[in-house]
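I opened this notebook page to record what I looked up, step by step, with the sequence and the coordinates side by side.

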Amino acid sequence: MSETHEQWIDRKIAQNDGELVVFDGFDNCIIGITENPEFDTKFAYDFDKVIARLMLDGMSEDEAVDYFGFNFGIASSTPIFISLAPPL
């Protein structure tokens, strides 16, 4: 049986002693995890999915981007947010 997205997230959190920052309600926006021994391990979120998720709460795109800027602060433990390039 293959691992679900939620099981994968839980496993990664456990492997990192619970130190990974996770934004409640945005698990479906997680697209991966950083794997670099020189830096802290962090979840990677799809920026466009985060904005779309915020818009589901009734925000316009501009409001969602503003909300993101104020509420998903930048700190050394903050996950990374990626804007995906179009497929090749």
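In which element is the place of I51? I found I51 in helix α2, and I note at the outset that the model I am reading is a predicted one.

I then looked up the accessibility of I51, which is 5% in relative terms, and because buried means under 20%, I51 counts as buried.

Next I went through the rest of helix α2, which spans residues 47-55, and noted F47, V50, I51 and L54 as its buried residues. These residues lie on the same side of α2, because they cover an arc of only 95° around the axis. As background I wrote down that an α-helix has 3.6 residues a turn, so residues three or four places apart point the same way. When I asked what this buried set packs against, I found β2 (43-46), α3 (61-71) and β3 (80-82). At the start of α2 I recorded that a side-chain oxygen of D46 comes to within 2.9 Å of the backbone nitrogen of D48.

V50 was my next entry: leaving out its neighbours within four places in sequence, I found V50 in contact with F26, C29, Y45, F68, F72 and F81. I therefore turned to the nonpolar cores, a core being a set of buried nonpolar residues joined through side-chain atoms within 4.5 Å. The largest of them has 17 residues, and V50 is among those with the most contacts inside it, together with F26, F43, Y45, L54, F68 and F72. At least two residues of this core come from each of α1, β1, β2, α2 and α3, and α2 gives the most, with 4 residues.

Finally I looked at the sheet, which is open and built from 3 strands in the order β1-β2-β3, with mixed pairing. Its edge strands are β1 (30-33) and β3, each of which pairs on one side only, and neighbouring strands are turned by 30° against each other on average, direction ignored. Between β1 and β2 I noted antiparallel pairing over 3 bridges, and I found G32 standing opposite A44 in β2. Helix α1, residues 5-15, lies across β1 and β2 and runs at about 35° to β1.

Definitions and conventions. Residues numbered from 1 in each chain as written. Predicted model: local features only at pLDDT ≥ 70, side-chain atom pairs only at ≥ 80, totals over all residues. Heavy atoms only, no water. Buried < 20%, exposed > 50% of the residue type's maximum accessible area, 1.4 Å probe, protein only. Arc of directions from axis to C-beta. Contact = heavy atoms within 4.5 Å. Polar contact = N/O pair within 3.5 Å; in protein donor to acceptor, adjacent residues only side chain to side chain. Pairing = 2+ DSSP bridges. Axes fitted to C-alpha atoms, helices over the stretch in contact; angles between N-to-C directions.
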